[in-house]
Amino acid sequence: MKGLGARLRWGVPISIAVILVISFDLQAGGQGWGLLGLALLFGTGAVVEAIRLGSKNRFDLVLGVLLFGGSFLLWSMPSLRTLIGFESGIPMALVLGLPLLLAPVITEAIPAIPRARWRGAIHALLVSQWLVPPVLACAMVSSDPLGAHLFLCALIMVKGSDTGAYLVGRPFGRTPLHPVSPRKTVEGLMGAIGAAVLLGTVYSLVLQHESFPVSQAVFFGILAALAGQLTDLQESAFKRAAGAKNSGETIPGLGGMLDMMDSLILAIPLIVWLRTILHD
């Protein structure tokens with residue numbers, strides 16, 4: 001497995017650093033400031049890379065970053081949210097719906113438009129809103145009974161599913177999963193689901209929290225793996241349309257921040273939404 005060494009060399013230290021930051025959050029009462037900082041850092045980096053895949057114009061890049069930051073502030077600050085009539089909280093239909101709605105538009109519709117001066121600006125606008133929901137979802141975990149544990153468990157399940165898909169798919173994969181990513185296989189998807197379920201179950205057993213039974217961990221593990229693979233395929237389509245192998249070269253062996261974040265774009269909002277339904 002030629003690429004595994006580079007993945008582990010950079011992926012393991014980054015994962016440990018993320019877990020340590022979130023652990024400090026948990027020790028401080030689960031307020032989630034460290035998690036939010038990480039989400040904004042990776043979210044902004046992913047926005048920059050995603051815009052550059054579709055436009056090389058500096059104006060489009062600045063526009064997209066400003067729209068990303070402005071949208072996050074608008075939805076996350078109660079005083080601003082009240083101005084647009086959402087004083088009761090961030091609508092979950094928005095947090096979950098935007099990634100589902102915008103992904104096919106960004107990956108299929110926008111690249112099909114003949115090149116025009118305004119296409120880059122539209123691309124930047126849509127990309128900025130596509131990547132706001134997972135950051136908003138991270139801001140919402142502090143109100144969950146699990147606090148930052150919810151994100152940490154989701155992160156472990158999603159990234160564990162990526163590893164499971166790689167470890168099973170590379171040696172045993174025979175059945176293609178989707179033409180947009182020829183290396184992804186059905187066998188790899190089974191490995192992804194198995195890894196996510198196993199890791200979620202272990203987390204539930206170790207945490208021993210009454211609001212997070214093993215049955216819920218198994219259910220979330222299956223969903224995290226499926227959602228992660230779906231958005232991974234969407235990003236593959238996005239990169240193929242742009243003629244790029246990786247979203248960037250920020251992290252050797254792993255590509256860019258968008259490559260690291262892609263499988264979380266739908267999975268994190270989905271898990272936060274389901275927890276909201278279960279515990280309202």
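Mentor: Before we turn to the helix pairs of this predicted model, recall that axes are lines fitted to C-alpha atoms, for helices over the stretch in contact, and that angles run from 0 to 180 degrees between N-to-C directions.

Trainee: At what angle do helix H7 and helix H12 pack, and which class does that angle give?

Mentor: Helix H7, residues 132-140, packs against helix H12, residues 267-279, with the axes 8 Å apart and an angle of about 40°. Angles under 35 degrees count as roughly parallel and 65 to 115 as roughly perpendicular, with a further class over 145 and the rest oblique. The angle of about 40° therefore makes H7, relative to H12, oblique.

Trainee: Which residues of H12 does H7 meet, and how many residues of the contact are nonpolar, polar and charged?

Mentor: From H7 the contact takes Pro133, Pro134, Ala137, Cys138 and Met140, and these meet Ile268, Pro269 and Val272 in H12. By class, the residues of this contact divide into eight nonpolar, no polar and no charged.

Trainee: What is the handedness of the crossing of H5 and H7, and which residues of H7 does H5 meet there?

Mentor: The axes of H5 and H7 come within 9 Å and cross at roughly 145°, and the crossing is left-handed. The contact has eight nonpolar, no polar and no charged residues. On the H5 side are Met92, Leu94, Val95, Leu98 and Pro99, which meet, in H7, Pro133, Ala137 and Met140.

Trainee: How many residues of the contact of H3 with H6 are charged?

Mentor: Asp60, Leu63, Gly64, Leu67, Phe68 and Ser71 in H3 meet Gly120, Ala121, Ala124, Leu125, Ser128 and Gln129 in H6. Divided by class, the contact has six nonpolar and five polar residues, and the number of charged residues is one.

Trainee: Which helix gives the largest share of the lining of the largest cavity?

Mentor: The structure holds one cavity of 30 Å³ or more, and its lining consists of Pro99, Leu100, Leu230, Thr231, Gln234 and Leu266. Two or more of these residues come from each of helix H5 (92-112) and helix H10 (214-242). The lining has four nonpolar, two polar and no charged residues, and the largest share, three residues, comes from H10.

Note on methods: Residues numbered from 1 in each chain as written. Predicted model: local features only at pLDDT ≥ 70, side-chain atom pairs only at ≥ 80, totals over all residues. Heavy atoms only, no water. 1 Å grid on protein atoms, 1.4 Å probe; cavity = no way out; pocket = protein on both sides within 12 Å on 5 of 7 lines; lining within 4 Å. Points joined across faces, edges and corners; volume = space filled by probe spheres on them. Helix = DSSP H or I, 4+ residues; strand = E, 2+ residues; numbered from the N terminus. Nonpolar A, V, L, I, M, F, W, Y, C, P; charged D, E, K, R; others polar. Contact = heavy atoms within 4.5 Å. Left-handed = near helix turned anticlockwise from the far one by under 90°.
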